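Subject: Handover of a structure

Dear colleague,

I am passing this structure on to you, together with some notes on what was found in it. Please look through the sequence and the model first, and then read on below.

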Amino acid sequence: MIARENDWTPGKAIDLRPGLLRVLAPNPSSMTLHGTNTYILGEASVAVIDPGPDSSAHLAAILAAIGGRRVSHIIVTHSHLDHAPLARPLARTCRAPIIAFGDSLAGRSDVMIGLADSGLTTGGEGVDSTFAPDIAVSDGDMIPGDSWQLKVIHTPGHFGNHICLQWDDALFSGDHVMQWASSLVSPPDGDLGDYMASCRKLTRRVGGPAYPGHGSVVTNLTERVDWLIAHRLQREAQIIAVLHLGPSAIGQLTAVIYTDITPALLPAAARNVFAHLIDLHVRNIVTAVPDLRADATFSMA
């Protein structure tokens, strides 16, 4: 099973465990690793979780892996462009409903609504702005299938409409928990305060393996979530330490703190720094001049 799980051939159906296949989308990048993991859950009748980017090749690969079985549900963990756009073409082909927390504005926090209204329109990762589910679910809802059942856990932070799906002892964790990298939190699509609250929610609910949106299976979810929380607290401490030396802009903070990444990843790192600064501002730990925005100068309160 380990050898097969580590086969990252796009379009190839990988048997992860009884009743669960993974099909990798052909969209590798620095933000998606090997590409998006699409999961096919079930036996006689299946659910497709995170159909992925708009790709005719990936659609054909998903249909081949389904092999003529009935598709009862198409579930989208969140509506970034690497997870959601193929949902509608797949739904038209399979005549199955699309299920998600809501459209691309659903679940956005009040502070992020304010930032968006003030002109911060994109988080940089690419949002499927036309996405809308056929069925909207809420935290705690159950999605019943043939031989399987999923519990919805609303986990905003990486994205406002992000959900995880509890399956027995396991979790489909989308982009909230991954083994290969920490989740990008990029305002106004992402909210760090929400992200930390969602991490703590998961530690109270699920302890088994997690099947993420990108990369390998997370074998110990609790351990990984604990690490993600500690990592964010460490990053917060680094930002505060720099600001104790004097006022700084996001670019300066990013250059001082992120010394071990390639230049191509610095824009994403800067968005992460901004997410931390917004959270610190909400908690009255830092101030922003002239006001809370990406080009502000930040100081300790």
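Asp-168 lies in the loop between β10 (163–167) and β11, where helices (H or I, at least four residues) and strands (E, at least two) are DSSP runs numbered from the N terminus. Please keep in mind that this is a predicted model, in which local features need pLDDT of at least 70 and side-chain atom pairs count only at pLDDT 80 or more, while totals for chains, interfaces and linings use all residues. Residues are numbered from 1 along each chain as its sequence is written, and side-chain values use heavy atoms, with hydrogens and water left out.

Although Asp-168 is not a glycine, it has a positive phi of about 55 degrees. With a relative accessible area of 58%, Asp-168 is exposed; here buried means under 20% relative accessible area, exposed over 50%, and partly exposed in between, with a 1.4 Å probe and protein chains only. Ser-147, which is also not a glycine, has a positive phi near 80 degrees, and its place is in the loop between β8 (142–144) and β9 (149–154). At 59% relative accessibility, Ser-147 counts as exposed.

**The open sheet**

Seven strands form an open sheet with mixed pairing, in the order β1-β2-β3-β4-β5-β6-β7, and two strands are taken to pair if DSSP finds at least two bridges between them. β1 (13–17) and β7 (135–136) stand at the edges with a single partner strand each, so one side of each is left without a neighbour in the sheet. β1 pairs with strand β2 (residues 20–24) in the antiparallel sense over four bridges, and Ile-14 has Arg-22 in β2 as its bridge partner.

Further into the order, strand β4 (residues 45–49) and β5 run parallel and are joined by five bridges, with Val-46 standing opposite Val-71 in β5. Between these two strands the chain passes through helix α2 (residues 56–66), and this β-α-β crossover is right-handed, a term used if, with the strands pointing away from the viewer, the path from the first strand over the helix to the second runs clockwise. β5 also runs parallel to strand β6 (residues 98–100), to which two bridges join it, and the bridge partner of Ile-74 in β6 is Ile-98. Strand β5 (residues 70–75) is mostly covered, since five of its six residues are buried.

**Aromatic rings**

The structure holds four aromatic pairs; rings of Phe, Tyr and Trp (its six-membered ring) pair if their centres lie within 6.5 Å, and planes under 30 degrees apart count as stacked, over 60 as edge-to-face and the rest as tilted. In one of them, the ring centres of Tyr-39 and Phe-172 are 5.4 Å apart and the planes are at 55 degrees, so the pair is tilted. This pair links distant parts of the chain, with Tyr-39 in strand β3 (residues 37–42) and Phe-172 in strand β11 (residues 170–174), 133 residues apart. Tyr-39 is buried at a relative accessible area of 3%, and Phe-172 counts as buried at 1%.

Tyr-39 also pairs with Tyr-211, the centres being 6.0 Å apart and the planes at 70 degrees, so this pair is edge-to-face. Tyr-211 lies in strand β12 (residues 210–212), 172 residues apart from Tyr-39, and is buried with a relative accessible area of 5%. Ring pairs link Tyr-39, Trp-167, Phe-172 and Tyr-211 into a cluster.

Which residue lies over the face of Trp-167? It is Arg-17, at 4.4 Å from the ring centre, where a charge sits over a ring if NZ of Lys or CZ of Arg is within 6 Å of the ring centre and within 35 degrees of the ring normal. The charged end of Arg-232 likewise sits over the ring of Tyr-195, 5.2 Å from its centre.

**Cis peptide bonds**

The peptide bond from Pro-187 to Pro-188 is cis, with omega near 0 degrees, and Pro-188 is placed in the loop between β11 and α5 (192–205). The bond from Val-289 to Pro-290 is cis as well, with omega near 5 degrees, and Pro-290 lies in the loop between β14 (286–289) and β15 (297–300).

With best wishes
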